[in-house]
Amino acid sequence: GAGRLAGVLEECKALAHLALNHNRIRAEGAGWLAGVLGKCKALAHLNLRRCEVCADGVGKLAEVLGDCKALAHLDLSYNGTFDSNVDGIGAEGVGRLARVLGKCKALAHLALSNNGIDAEGMGRLAGVLGECKALAHLDLSSNPMRNEGAGKLAGVLGECK
């Protein structure tokens, strides 16, 4: 599974694009990946869309994403679980991710759609977006942010030049 894959990835120093979308790697698999992603110095594109990593898995990944200096594209959309009815990474997961996003200086594309991110989560994300100078694409579609969350984002997105 993900443990074997992580062992192989550790040797792939030139790997620039990793797409594991639509695989149920879950939080455990995200932990295995987190153990090696920081060593993939050329990694520019990481797609973990629909991998059911939830908040715990995003937390594990967040611990090393700041070491991925070349990371320009990150897709964590649709990361709830289908069998236990978890809606996505939520405020907790996006909060853990937000702690490291400012270190991802090359990040130009961030997709977090359909992750159950509410107004609280949008506030956590908004608090760091100003540090993401390269960010050109932000996908937050299908999240329950409501007017309050949109207002929190508007404050920081209005400063994007």
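These legends describe close-up views of a predicted model. Local features need pLDDT of at least 70, side-chain atom pairs count only at pLDDT 80 or more, and totals for chains, interfaces and linings use all residues. Residues are numbered from 1 along each chain as its sequence is written, and side-chain values use heavy atoms, with hydrogens and water left out.

**View A. Helix α3, residues 54-65.** Helices are DSSP runs (H or I, at least four residues), as are strands (E, at least two), numbered from the N terminus. α3 has twelve residues and reaches 16 Å from first to last C-alpha. That is close to the expected 16 Å, where the expected span is 1.5 Å times one less than the number of residues. Nine of the twelve residues are buried (under 20% relative accessible area, 1.4 Å probe, protein chains only; exposed is over 50%, partly exposed in between). Among them are Cys54, Gly57, Leu61 and Leu65. The cover includes α2 (26-37), β2 (45-47), β3 (73-75) and α4 (90-101).

**View B. Packing of α2 and α3.** The helices pack at about 5°, axes 8 Å apart (lines fitted to C-alpha atoms over the stretch in contact; angles run from 0 to 180 degrees between N-to-C directions). So α2 is roughly parallel to α3 (under 35 degrees; over 145 is roughly antiparallel, 65 to 115 roughly perpendicular, the rest oblique). Contact residues (heavy atoms within 4.5 Å) include Ala27, Leu33 and Leu37 of α2 and Asp56, Lys60 and Val64 of α3.

View C. The structure holds zero disulfides (cysteine sulfur pairs within 2.5 Å). For Cys104, the nearest cysteine sulfur, that of Cys68, is 7.2 Å away. Cys104 is buried at 3% relative accessibility. Cys132 is buried at 7%.
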